[in-house]
Amino acid sequence: MNGLSTVFILLGLFLLGGVYSVWKQQLPKSIITVLAIGSAMFLAAGVLRLEVWN
């Protein structure tokens, strides 16, 4: 696991926590959707950059 994949995974988890927080505050669904898409993209980028795929 290199540094950039670790950063991507941590950012994805951070945004996932933000999704949960925004959902608990019952803010608009559009904010939740944007945060969830960003979180999924960061997590996917981090997982795809792992060395195990090579």
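Okay, so let's start with what counts as an aromatic pair: rings of Phe, Tyr and Trp (for Trp, the six-membered ring) pair up if their centres lie within 6.5 Å, and the pair is stacked with planes under 30 degrees apart, edge-to-face over 60, and tilted for the rest. This is a predicted model, where local features need pLDDT of at least 70 and side-chain atom pairs count only at pLDDT 80 or more, while totals for chains, interfaces and linings use all residues. Residues are numbered from 1 along each chain as its sequence is written, and side-chain values use heavy atoms, leaving out hydrogens and water.

One is Phe8 with Phe42, a tilted pair at 5.9 Å centre to centre and 45 degrees between the planes. Phe8 sits in helix α1 (residues 3–24) and Phe42 in helix α2 (residues 29–48), so this pair ties together parts 34 residues apart in sequence. Helices here are DSSP runs, H or I, of at least four residues, numbered from the N terminus.

Then there's Tyr20 with Trp23: ring centres 6.2 Å apart, planes at 40 degrees, so that pair is tilted. Those two are 3 residues apart in helix α1, about one helical turn.

Now, the helices themselves. α1 and α2 pack at about 160 degrees, with axes 7 Å apart; the axes are lines fitted to C-alpha atoms over the stretch in contact, and angles run from 0 to 180 degrees between N-to-C directions. Are they parallel or antiparallel? Roughly antiparallel, which takes an angle over 145 degrees.

How values were computed
Angles under 35 degrees count as roughly parallel, over 145 as roughly antiparallel, 65 to 115 as roughly perpendicular and the rest as oblique.
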